[in-house]
Amino acid sequence: MVKRTASQVLKQIICLGMVLIVILPILLTIFAALKTKTAINTTSPLAFPAFSEITFDNFEKVLTDKYLWIGLKNTMIILAFSLFFNVVFGTTTAYILERFNFRGKKFVIALFFLGMLIPSFVTEIARFRIINSLGLYNTLAAPIVIYIASDLMQLYIYRQFISGLPVALDEAALLDGCSYFRLFWRVIFPLLAPATATVCIIKAIVIINDMYVPYLYMPKNQLRTLTTFLMNYANAQQGSWQTLAAGIIIIMIPTIVLYLFFQKYILAGVTAGAVKE
């Protein structure tokens, strides 16, 4: 009994520690966003600002910054094109790999999964040279091409889902005179809606939060995204911790809302096809 109690206490302590590791940076950011520049320099980062000193000027400054709205527009453009082509290429490729047998199929699948296993920084020099040689550097097309080509997570999700669809659907549609193209777009694709929702949500969160690719491939001010917009408040000349914190919170809100409202689709899409009956 004593051992079981000690084990439970240890588990609770570990869980509490993990929660603090996740929550504490968010709390520090919220506290900083509500403080003035003077309060930032004179009080502890862990201290909640006094109610008489709470200010929302930092949020107002970020929301009235023109580059925030430029970043929002660019992010939405990148997001729309990336999601569209990820869904189109992901569904068609996954369907072909799951439903058709052809010579070298296992090799092709292995290449796809090898691409998922190799860290992106290993191929960064080659990728940069390719983007530059295509004339896409410093254009919105650069991150779009990278987001479509480099992350193959959608293949795993779509293949898992398609594997759970009965082959009898294909056979019935073909017997009724459907071509393979019409079979896919009229029968299979609508059934992939839960998986598509999952892919779109996960990809949207990744793209919105990514700073590395836009910062490296689109340094022009007019091509800033929501995340690279934050660099306005992090440089040596205009550095402002409280304004940076406010900007982080404003940009963080859309992804949190997306995840909270659609987390059930994420779980359903990732686990679809994991169990065979």
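**View 1. Lining of the largest cavity, by residue class.** The lining of the largest cavity in this predicted model comprises six nonpolar, no polar and one charged residues. Here Ala, Val, Leu, Ile, Met, Phe, Trp, Tyr, Cys and Pro are classed as nonpolar, Asp, Glu, Lys and Arg as charged, and the others, Gly among them, as polar. A cavity is a set of points, on a 1 Å grid over the protein atoms alone, where a 1.4 Å probe fits but cannot get out, and lining residues have an atom within 4 Å of a point. The lining residues are Leu 97, Ile 109, Phe 112, Phe 113, Met 116, Leu 155 and Arg 159. Helices are DSSP runs (H or I, at least four residues) numbered from the N terminus. The volume is about 50 Å³, taken as the space filled by probe spheres set on the points, with grid points joined across faces, edges and corners.

Residues are numbered from 1 along each chain as its sequence is written, and side-chain values use heavy atoms, with hydrogens and water left out. In this predicted model, local features need pLDDT of at least 70 and side-chain atom pairs count only at pLDDT 80 or more, whereas totals for chains, interfaces and linings use all residues.

**View 2. The largest pocket.** A pocket is an open set of points with protein on both sides within 12 Å along at least five of seven lines. The largest pocket has a volume of about 590 Å³. It is lined by 23 residues, of which Arg 127, Ile 146, Ala 149, Ser 150 and Asp 151 are the closest to its centre. Two or more lining residues come from each of α5 (105-117), α6 (124-133), α7 (141-149), α11 (193-209) and α12 (212-217). The lining divides into 15 nonpolar, four polar and four charged residues.

**View 3. The second largest pocket.** This pocket has a volume of about 230 Å³. Among its 14 lining residues, Leu 28, Ala 32, Ile 40, Pro 45 and Trp 241 are the closest to the centre. α1 (2-33), α2 (37-42) and α14 (241-271) each give two or more residues to the lining. That lining has 10 nonpolar, three polar and one charged residues.
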